[in-house]
Amino acid sequence: MTRSEIFQALYRSPEIYRPPLEGKSALLEVTQGCSYGKCAFCDFLRDSFAILPLEEIKYKCQLLSQVIDGNDRLFLLGCNPFCLPTEHLLEVMQYVHEYLPSVQMTAMYARADDVLRKSGEELAQLRQAGILELHIGLESGSDAVLKLHNKGETVADMEAACQKLAEYGFHYHFTVIPGLGGRKYSQEHALQTAALLSRLNPVSIWCLKLVIWENTPLYETLKQSPELFQELTPREVLQEEREMFVHMDIQKTCLYVDSTILNKYTIMGVLPDSRQAILDRMDHLLASGEE
Ligand code: SF4
């Protein structure tokens, strides 16, 4: 097989989703879609959830071994593969060790409730097998906002999951979505998300832009009951994000990134050292009056 034939055989779907931080990781498909699939804003709702059979994953590891080029990072594809039964994930990790010996660290997306369903013993086994980093969609530190968007998890769930992960030596990255509370919950979303992020010490915080995709429940709400959710302008989103940022107290090293500022700019820095520089950039953009 040629290299391009291998890549075609590796992925069922032509669209691959992975966090920007995993840009250099080798990618192994293990699930498709999300096992939860009910968040009101989420565009992945159209993808049905599927678990790839172990035989197929083993074959993909063999294929990947021909193109991995000594990469030491692996990212398992799917919206939340950490939901897989522990035995299944351990079997996948056995293939990884057998066919991809250069891999030292494996990461994937997870929901907080995927973590909470696993016992301490299971988490210890998964950590021992080489899974180190989980990317978790925190979205908001406000229960009202999480409920509004049917996230299916509470702030207490997020905290309990992260406490468990820290106890067993995992690192976690968060995404948050400025503007997710709309106009009604903007202040609460900013302050409570800041408080939650300050308590949890993630390795990175990635701010995502709220995109209102057609055919999502949020899109329907906006069309049929616009009084329930009023979208912020890009400038209001930046003001809200500044409010969150200024109230965050992150003392451990943490990468902070927002690549969607005013739909145009990226702000990025390592906290706590870059705190003032990031704030200055936000203030500069707000003072410019740019929309
Ligand atoms: S958990 Fe994530 S992928 Fe799943 S529906 Fe919610 S936002 Fe979408």
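## P272 and the cis peptide bond

P272 lies in the loop between β10 (265-271) and α11. Helices here are DSSP runs of H or I with at least four residues, strands are runs of E with at least two, and both are numbered from the N terminus. The peptide bond from L271 to P272 is cis, with omega near 5 degrees.

This is a predicted model, in which local features need pLDDT of at least 70, side-chain atom pairs count only at pLDDT 80 or more, and totals for chains, interfaces and linings use all residues. Residues are numbered from 1 along each chain as its sequence is written.

## Two residues with positive phi

Most residues other than glycine have a negative phi, and most peptide bonds are trans. D69, which is not a glycine, has a positive phi near 55 degrees. Its place is in the loop between α2 (54-64) and β4 (73-77). D69 counts as exposed because it has 7 C-beta neighbours inside 10 Å. For this count, C-beta atoms are placed from the backbone; a residue is buried if 20 or more other C-beta atoms lie within 10 Å of its own, exposed if 12 or fewer, and partly exposed in between.

N150 also has a positive phi, of about 55 degrees, although it is not a glycine. N150 is found in the loop between α6 (143-148) and α7 (155-167). With 14 other C-beta atoms within 10 Å, N150 is partly exposed.

## Helices α10 and α11

Two packed helices are described by the angle between their axes and the distance between the axes. The axes are lines fitted to C-alpha atoms, for helices over the stretch in contact, and the angles run from 0 to 180 degrees between N-to-C directions. Helix α11 (residues 275-287) packs with α10 at an angle of about 155 degrees, with the axes 11 Å apart. The two helices are therefore roughly antiparallel to each other. Angles over 145 degrees count as roughly antiparallel, under 35 as roughly parallel, 65 to 115 as roughly perpendicular and the rest as oblique.

The crossing of α10 and α11 is left-handed. A crossing is left-handed if the near helix is turned anticlockwise from the far one by less than a right angle, and right-handed if clockwise. In α10, the residues L238, Q239, R242, F245 and V246 meet I278, L279, M282, L285 and L286 of α11. By class, this contact has 8 nonpolar residues, 1 polar and 1 charged. Ala, Val, Leu, Ile, Met, Phe, Trp, Tyr, Cys and Pro count as nonpolar, Asp, Glu, Lys and Arg as charged, and the others, Gly among them, as polar. Two residues are in contact if their C-beta atoms, placed from the backbone, lie within 7 Å.

## Helices α8 and α10

Helix α10 (residues 234-247) also meets helix α8 (residues 186-200); their axes come within 8 Å and cross at roughly 30 degrees. α8 and α10 are therefore roughly parallel to each other, and their crossing is right-handed. On the α8 side the contact holds S186, H189, A190, L191, T193 and A194, and on the α10 side E240, E243, M244 and H247. These residues divide into 4 nonpolar, 4 polar and 2 charged.

P178 has its place in the loop between β7 (171-176) and α8. P178 counts as buried, with 29 C-beta neighbours inside 10 Å. Not counting residues up to four places away in sequence, P178 touches C207, V237, E240, E241 and M244.

## Helices α2 and α3

The axes of α2 and helix α3 (residues 86-99) come within 9 Å and cross at roughly 20 degrees. That makes α2 roughly parallel to α3. The crossing is right-handed. L54, I57, K58, C61 and Q62 in α2 meet E91, V92, Y95, V96 and Y99 in α3. The contact divides into 7 nonpolar, 1 polar and 2 charged residues.

Around the ligand are C34, Y36, G37, K38, C39, C42, F44, C79, R111 and G137. A residue is near a molecule if its C-beta atom, placed from the backbone, lies within 6 Å of it. This shell has 6 nonpolar, 2 polar and 2 charged residues.

G33 is found in the loop between β2 (31-32) and β3 (50-51). With 18 other C-beta atoms within 10 Å, G33 is partly exposed. Leaving aside neighbours within four places in sequence, G33 is in contact with F44, D47, S48, F49, A50 and C79. G33 and S48, 15 residues apart in sequence, are 5.5 Å apart from C-alpha to C-alpha.
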